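Please consult the sequence and model shown below.

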Amino acid sequence: MTRTRDTTVAAPVSTLRPVQAAAVLSVLVLFWQFLSAGRMLVGEEATGGHGAGAIALHVTTGLLLAATVLHGRRTRVWWPAALAAAVFVLTFVQAALGSSGSLTTHVPLALVLTVGVVWLAAWSFRTT
């Protein structure tokens, strides 16, 4: 007899809570990044805070990746982990582009990262 998993069953809370926490932290760091970038655009010195925010974004999206992988191992739903992996890798590309001064790609990529993180956050709270 073959057993299949009913996809309408709620996701296990024990593995979803870390995803939610990491997603919220990532959104908060992105909010900081937008604030510090805005300060730099108006001529204020916020490079140090923006750089620290980039490191924090690497950490929080790394946590988000780890949490989605653990959740995927439990639920066999892997697309959130794939999206989290893409976001995590893009944070390093984003930081390299910002360091090189290539704002024409740095800014649009920030929007792509934001969509990915917000999507994961929305999904994690919608599935509970």
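In which crossing does H2 pass H3? H2 passes H3 in a left-handed crossing, that is, with the near helix turned anticlockwise from the far one by less than a right angle. The model is predicted, with local features needing pLDDT of at least 70, side-chain atom pairs pLDDT 80 or more, and totals for chains, interfaces and linings using all residues. Residues are numbered from 1 along each chain, and side-chain values use heavy atoms without hydrogens or water.

Helices are DSSP runs (H or I, at least four residues) numbered from the N terminus. Axes are lines fitted to C-alpha atoms over the stretch in contact, with angles from 0 to 180 degrees between N-to-C directions.

| Pair | Axis distance | Angle |
|---|---|---|
| H2 (residues 47-75) and H3 (residues 79-100) | within 8 Å | roughly 165° |
| H1 (residues 13-41) and H2 | 8 Å | about 160° |

H2 is roughly antiparallel to H3 (angles over 145 degrees). The contact (heavy atoms within 4.5 Å) includes Leu57, Leu64 and Leu65 of H2 and Ala84, Phe88 and Phe92 of H3. By class, this contact of H2 with H3 has 12 nonpolar, five polar and no charged residues.

H1 and H2 are likewise roughly antiparallel to each other, and their crossing is left-handed. The contact of H1 with H2 comprises 18 nonpolar, 13 polar and one charged residue.

Alanine 23 lies in helix H1. Alanine 23 counts as buried because its relative accessibility is 0% (buried means under 20%, with a 1.4 Å probe and protein chains only). Beyond residues up to four places away in sequence, alanine 23 touches Leu64, Val117, Ala121 and Ser124. Alanine 23 and alanine 121 are 98 residues apart in sequence, yet 5.0 Å apart in space, C-alpha to C-alpha.

Methods. Helices (H or I, at least four residues) and strands (E, at least two) are DSSP runs, numbered from the N terminus. Angles under 35 degrees count as roughly parallel, over 145 as roughly antiparallel, 65 to 115 as roughly perpendicular and the rest as oblique. Ala, Val, Leu, Ile, Met, Phe, Trp, Tyr, Cys and Pro count as nonpolar, Asp, Glu, Lys and Arg as charged, and the others, Gly among them, as polar. Buried means under 20% relative accessible area, exposed over 50%, partly exposed in between (1.4 Å probe, protein chains only).
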